[in-house]
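Hi,

Here is the structure I said I would pass on.

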Amino acid sequence: MESTVSNIFLANRSKNIRSSAIREILKITVKDSNFLSFAGGLPNPNLLNKELLNQSMEETILFSSEVALQYGDSSGYTDLKKIILEKFVLDDGVKLDSIMITHGSQQGLDILGKLLMDDNTNVLVEDPVYLGALQAFSPYGPNLISLPMEFDGPNVSELKKILSEKKIHCFYTNPNYQNPSTITWSLEKRRAVANLLDEFGVILIEDEAYKYLDFSGIIYPSIFSFRKEKDLTFVLGSFSKIISPGFRIGWVIVPEVYKDSFNRIKQGIDLNTNQFSQIILTKLLSLMDINEHFSKIQTHYRNQKNQLVELLNHYLPEVKFQDPQGGMFLWVEYPDVRENELMERIMEKKVVMVPGNEFRLKESDSAFFRMNFSFLQGSDMEEGVKRIHSVYRDIIT
């Protein structure tokens with residue numbers, strides 16, 4: 001029988017999956033190199049020591065191929081988990097077997113959606129919220145509820161009101177230089193939210209993708225560290241922003257009571273995370289000075305951010321944004337324009353940003369855009385802002 005739209009079968013859950021504007025934009029920019037992109041959260045590949053990377057790859061092939069080219073433990077390569085525990089997990093009491101290696105933290109989000117969510121689950125998310133989390137959770141049909149954010153974290157009074165009025169099962173948050181809003185939670189709000197989640201028995205999904213991208217090297221304590229109910233918190237980490245997204249390696253700290261279920265779900269998805277990538281990354285991390293590397297990327301991204309801020313202040317003084325002290329983005333409001341119109345017009349000029357409504361449960365009338373500053377260099381960044389300036393001026397005058 002010839003396949004048509006009318007006779008192709010789709011499970012109901014597949015109809016609820018949100019598309020990713022970011023991935024669609026990336027496809028366009030890959031096909032047409034004339035595009036200047038402020039869209040993707042792309043780390044700068046030149047910041048990784050290529051000599052150490054080459055050495056790591058050669059040693060893997062020469063000395064570890066029997067392991068690297070085989071299936072591995074579903075929970076991850078033990079030596080890599082040891083490095084994560086030693087160098088990247090700063091919370092007391094985390095055990096080695098609580099760390100599950102995933103294909104990026106995005107796979108971790110998908111597994112948690114499958115593990116924790118269905119159409120009877122109420123999931124609280126920040127407004128705005130990371131688009132990848134919406135994509136990961138939406139197939140499982142949870143009731144997503146927005147929590148208003150302030151400059152230093154969530155509105156605690158509103159959080160308490162929501163928790164008091166309805167049963168919230170899970171709360172997903174990205175508390176360090178949040179994608180897309182760039183908000184970083186204060187210590188006071190981390191404590192207050194931890195106490196409220198304990199009081200109401202809410203599972204926390206804490207996404208720490210940008211934990212090590214503070215420009216001054218500050219490492220904020222996790223919300224997990226303030227909780228008494230440790231078994232109600234999952235913490236996600238990723239090497240995508242601090243080493244390279246090409247490895248597709250992340251991790252999840254999984255409470256003891258959920259470990260077996262988490263691992264069984266992962267086995268059904270991929271059997272095990274890419275063993276070859278895990279072993280190369282293990283060797284790379286053992287060779288490099290991670291603190292020196294952090295300082296290098298933090299300094300570079302600070303300079304990149306400062307350049308974009310200066311360009312926006314010069315060419316587009318009307319726009320509004322919070323000046324972040326870390327991360328990879330600015331969250332920019334463009335007054336007196338419609339988001340869709342500005343997006344369409346700048347794409348005609350071969351410039352792209354990510355529209356703000358992609359990160360919301362309900363569309364806003366305001367025109368916000370997420371602008372990445374980590375990838376475009378020097379004159380390209382200025383040329384991109386000048387093209388946006390030309391379009392914006394044409395619309396508002």
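Helices α7 and α8 run roughly parallel to each other, since their axes cross at an angle under 35 degrees. Keep in mind that this is a predicted model. For α7 (residues 156-165) and α8 (residues 187-200), the crossing angle is roughly 5°, and the axes come within 11 Å. On the α7 side, the contact is made by Val-156, Leu-159, Lys-160, Leu-163 and Ser-164, while α8 brings in Lys-189, Ala-192, Val-193, Leu-196 and Phe-200. Sorted by class, that makes seven nonpolar residues, two charged and one polar.

Now the overall layout. Across the boundary, 33 residues of domain 1 are in contact with 35 residues of domain 2.

Then there is the packing. The largest nonpolar core has 67 residues, and the members touching the most others are Phe-38, Phe-88, Phe-239, Ile-243, Leu-285, Leu-312 and Tyr-334. Helix α11 (residues 290-315) supplies the largest share of this core, with nine residues. Both domain 1 and domain 2 give residues to this core, so it lies between them. Another core, of 26 residues, lies apart from it and includes Leu-109, Leu-116, Tyr-140 and Val-252.

Cheers

Terms used:
Residues are numbered from 1 along each chain as its sequence is written. This is a predicted model: local features need pLDDT of at least 70, side-chain atom pairs count only at pLDDT 80 or more; totals for chains, interfaces and linings use all residues. Side-chain values use heavy atoms; hydrogens and water are left out. A nonpolar core is a set of buried Ala, Val, Leu, Ile, Met, Phe, Trp, Tyr and Cys residues joined through side-chain atoms within 4.5 Å. Buried means under 20% relative accessible area, exposed over 50%, partly exposed in between (1.4 Å probe, protein chains only). Helices (H or I, at least four residues) and strands (E, at least two) are DSSP runs, numbered from the N terminus. Domain bounds come from an automatic or database domain assignment. Axes are lines fitted to C-alpha atoms, for helices over the stretch in contact, and angles run from 0 to 180 degrees between N-to-C directions. Angles under 35 degrees count as roughly parallel, over 145 as roughly antiparallel, 65 to 115 as roughly perpendicular and the rest as oblique. Contact means heavy atoms within 4.5 Å. Ala, Val, Leu, Ile, Met, Phe, Trp, Tyr, Cys and Pro count as nonpolar, Asp, Glu, Lys and Arg as charged, and the others, Gly among them, as polar.
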